[in-house]
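Me: I'm new to this structure and would like to learn how to read it. Could you walk me through a few features, one by one?

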Amino acid sequence: MRYGLMLATCVGLAMPMTAALAASPVKVTIDGSSRTAPVTKYEYGMFIEPIGGLVARTLWAEVLDDRKFYYPVVAPAFDKPPPLNAEGRPGVSYRKWRPIGGDDAVAMDTKAPYVGEQSPRIALDATVRKGLLQAGIGLAKGKRYDGYVVLAGDPAAKVEVALVWGPGPNDRQVIALPAPGADWRKAEISFTPPVDTTDATLEITGLGSGSFRVGVASLMPSDNIRGWRADTTAIARSLNSGMWRLPGGNFLSDWDWRSAIGPRDKRPPMFDYAWSAMQPDDIGMDEWMDLTKILGVEPYVTVNAGLGDAYSAADEVEYLNGPTTSHWGSRRAANGHPEPYGVKFWNIGNEPYGWWQIGKTSLDYYTIKHNAFAKAMRAVDPSITLIASGAMVDQGHPRGTKENVTLDSVAGRFGTEWDWTGGLLAKTWGNFDGISEHWYDQPEKRPDAPADAELIEYARAPSNQVKMKAELWKIYQQRFPAMKDKSIFLSIDEYAYFGQVTLKSALAYALVLQEMLRHTDFLTMSAFTTGASTMDITPTDAVLNSTGQVFKLYGEHFGAGVTPVSVQGDAPQPDPKYPVGFLHPKINAGSPTYPLDVIAGLSPDGKSLRIGVVNPTAAAQTVKLDLKALALKGAGRKWVLSGASLQAENKVGAPAGVTITQGSASRASLVVSPISATVFEFPIAK
C-alpha cells in the first residue's frame with residue numbers, strides 16, 4: 001500500500017442544485033437478456049496490513065504498546081524519533097514505557113533478555129518505589145481486563161502492578177505479585193476499572209532489596225476472541241466481505257513470516273522499515289487465519305517477494321496448507337493448529353514496481369523472481385490460485401511525474417519497463433491465474449465550481465480509476481487473446497479515496513462499487529483499504545462508519561450470485577468542467593443516465609430485479625424505467641443510504657448521521673432521494 005496521497009481532505013456543501021438537474025425524469029433502459037457474469041463473493045473484500053499500530057489499535061485486543069520492550073525505558077528527554085521511511089515520511093511513534101523513581105531507575109539488560117534484544121531491569125530501594133509505567137491507555141468502565149507480567153529477580157523484591165485512572169489515592173487498583181525468582185515466571189493480573197478513561201496508567205514497581213526484571217507484559221479485555229477485539233470483529237463480520245487480503249502491503253517486503261509463529265511472548269519484536277515502525281510480531285499467520293475464521297471470510301495471503309525468496313514462500317504455503325506429515329505442517333500442528341488452513345488465494349509480492357517498495361527491482365528481474373516463486377509454491381500445493389502483482393500502463397511513470405492520463409497518452413507505454421502487467425503476461429504466462437491492480441485517489445478542491453458540479457465531480461472521480469483499469473484490461477485482452485481462454489481475472493485488491501469519512505465520500509464509494517459491478521466478467525475480486533477503515537473506532541468502542549454502510553448496502557443486495565444486466569440511457573456522463581490536480585485519469589465512468597448512476601441485476605434466485613441508483617445531487621430525481629425482456633409485478637422495496645447533509649457521519653458516542661432506511665417502492669414512479677445511494681427491488685413476473 002502506498003500512502004503518498006494520504007491525509008487530503010474535502011469538505012462538501014449541501015447547497016441547492018441547479019434546477020436543470022431535476023427538471024425531467026431520467027430515462028433508464030434495463031435489458032434482462034443482456035447479462036454479465038454473476039457477482040462473486042470476493043467482490044467486496046477487504047485489505048489490511050500492520051502499518052504501525054493500525055491493526056493493534058483497531059482489531060487486535062492488546063491495550064499495551066511495546067509490551068516486549070523494543071524501546072529502552074527512558075525519560076521523554078532521551079527519546080529518539082524513528083527514522084524517515086523510503087517515501088520520506090516520519091516513522092510511527094508509540095506510547096512509551098517511562099521510569100518511576102528517577103530517570104535512572106531502569107536499566108536495559110542486554111545480556112539475558114526474555115525476548116528480543118533487551119529487558120528492563122530495576123534496582124530496588126527499601127523506601128522509594130521504583131519501576132516503570134505506561135500512560136495513555138483507553139479502558140471502559142466495568143469491563144474486566146486480564147493479563148500478566150513475566151518477571152525474574154531477587155526473592156526480596158516486593159513487586160506490584162497498579163492500574164491508575166485518576167490523581168487521587170483511591171483512583172487505582174493494586175495487585176501484589178508473588179516474589180520473583182531467578183527464572184522467568186508469569187504472574188496473572190486482572191483489573192476492572194470503575195470509570196471510562198482514555199488516559200489510564202499501568203505501573204509495574206517494586207520495593208525491597210536487589211532487583212527485578214520484566215520480560216513482557218500484556219493486558220487485554222476479557223471478551224477478546226483469541227486475541228482479537230470482540231466489538232470491531234463483530235462489525236467487520238456484518239460486511240459479508242467474502243475475503244480479506246492479509247497481511248499484505250509494503251510491510252510484507254521486509255517481514256519474515258517465520259518470525260511470528262509459536263508462543264507470542266517469545267517472538268522477538270522487529271522493525272518495519274517500510275513504515276519506519278516497530279512491530280511486536282504478536283500477529284502472525286496463525287493469528288491472521290484466526291481472524292478470517294472469526295470474520296467468516298476466506299484468507300487471501302500475500303508472500304514476501306521483496307527481500308523474501310521462493311523457498312520461504314513455499315514453506316509458508318506448506319505451513320498453512322500442508323499435512324501434518326510435512327515439515328512445516330507438523331510445525332503448525334505443534335503450534336496448536338493440526339488442521340490445514342486450506343488457503344486458496346495467494347498473491348506473489350506487493351507493488352514490486354514501486355520506487356517506495358523494499359526490494360524494488362527491474363521488470364525483467366522481477367519476472368524471473370515471479371516464475372521461481374510460482375514454481376516453488378505450486379510444487380507444495382498445485383491447487384492454489386496465484387495472483388501476480390501487476391501495474392497497468394496508467395500507473396507506470398518516473399517518480400514525481402504529474403499527469404492526467406488518457407487511453408491515448410499511455411498507448412506508447414505498452415511493452416516498456418512501465419508496463420508491469422504486460423511484462424507479466426509476456427514473460428510469466430502460465431504462472432498465475434489472476435493479476436492484481438492497486439489504485440489510490442484523493443479529493444481535489446474545486447473552489448470555482450458551483451455546489452452541484454463540485455459534488456458530482458467529487459463523487460465521480462474515484463470511479464474513473466476503476467473505469468480506466470477496466471478499459472486497459474480490455475486492451476490487454478486484445479494484445480494477449482489467451483487471457484479470455486484461460487479466464488485470467490483482475491483483482492483490484494487495494495484501493496481508497498482519501499479524505500473525510502462522510503455521506504459525501506459514501507456517495508463516491510457507491511459509484512466505485514457500481515463501476516466494479518459493470519465488469520464482473522473479469523473483475524472478480526477487490527479489497528478495500530483498509531478493513532478497519534469501514535468503522536469509527538476508539539480504544540473501547542466502534543461503529544460502522546459511512547464507508548462501512550456502503551459496503552453493507554451493496555454486500556447485502558448486490559452480493560454473491562447477483563447477475564448484472566445491461567443498463568442504458570440517453571444522457572452520457574459529461575466531461576469534468578472544472579480543473580483538477582494531477583494523477584486523475586481522464587475518462588468518464590458511469591451509466592449514460594446523468595446525473596444519476598444506475599446498475600441493475602437479477603437476484604441469485606432469479607425472482608427479483610434489483611436496481612442500484614446513486615444520486616449525487618441535492619435534488620430528488622425521478623427515474624423513467626424502460627424494461628426489455630423483463631416484466632415486473634407487484635410493489636417493491638427500497639433501501640436508502642443517506643443523511644441530513646453531505647457532512648453527515650457516523651461517530652462513536654453520537655447518533656448515526658448516515659443510515660440505511662427501508663421502505664416500499666412503486667415501479668410506476670421511481671423517486672430517488674437527494675444525496676443518496678438507493679437499492680430498489682421488484683418481483684419479476686414469470
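Me: Let's begin with accessibility: is Phe414 buried or exposed?

Reply: Keep in mind that this is a predicted model. A residue counts as buried when its relative accessible area is under 20%. Phe414 has 13% relative accessibility, so it counts as buried. Tyr476 is at 0%, and therefore counts as buried too.

Me: How are the rings of Phe414 and Tyr476 arranged?

Reply: To read a ring pair, look at the angle between the planes: over 60 degrees counts as edge-to-face. For Phe414 and Tyr476 the planes are at 70 degrees and the centres 5.3 Å apart, so this pair is edge-to-face. Phe414 belongs to the loop between β18 (385–389) and α6 (420–427), while Tyr476 is in helix α7 (residues 451–479), so the pair ties together parts 62 residues apart in sequence.

Me: How many aromatic pairs are there by this rule?

Reply: The count comes to 28 aromatic pairs. One of them joins Tyr42 and Phe345: with ring centres 4.8 Å apart and planes at 75 degrees, the pair is edge-to-face. This pair links distant parts of the chain, 303 residues apart. Tyr42 is in the loop between β1 (26–35) and β2 (45–47), and Phe345 is in strand β17 (residues 345–348). Both Tyr42 and Phe345 are buried.

Me: Which residues form an aromatic cluster?

Reply: One cluster is made of Tyr353, Trp355, Trp356, Tyr366 and Trp420. Trp355 also has a charge over its ring: the charged end of Arg399 sits 3.7 Å from the ring centre. Elsewhere, Lys266 lies over the face of Tyr114, at 4.0 Å from the centre of that ring.

Me: Now a helix, please. Which residues of α4 are buried?

Reply: Start with the general idea: an α-helix has 3.6 residues a turn, so residues three or four places apart point the same way. In helix α4 (residues 327–334), the buried residues are Trp328, Gly329 and Arg332. They cover an arc of only 105 degrees around the axis, which puts them on the same side of α4.

Me: What covers the buried residues of α4?

Reply: The cover includes α2 (285–295) and α3 (310–321).

Me: And what should I look for at the start of α4 and after it?

Reply: At the start, look for a side-chain atom reaching to the backbone: here a side-chain oxygen of Ser326 comes to within 3.0 Å of the backbone nitrogen of Gly329. After the helix, check the backbone angles: α4 is followed by Gly336, which has a positive phi, near 100 degrees.

Notes: Residues numbered from 1 in each chain as written. Predicted model: local features only at pLDDT ≥ 70, side-chain atom pairs only at ≥ 80, totals over all residues. Heavy atoms only, no water. Buried < 20%, exposed > 50% of the residue type's maximum accessible area, 1.4 Å probe, protein only. Helix = DSSP H or I, 4+ residues; strand = E, 2+ residues; numbered from the N terminus. Arc of directions from axis to C-beta. Contact = heavy atoms within 4.5 Å. Polar contact = N/O pair within 3.5 Å; in protein donor to acceptor, adjacent residues only side chain to side chain. Phe/Tyr/Trp six-rings, centres within 6.5 Å; stacked < 30°, edge-to-face > 60°. Lys NZ or Arg CZ within 6 Å of the ring centre and 35° of its normal.
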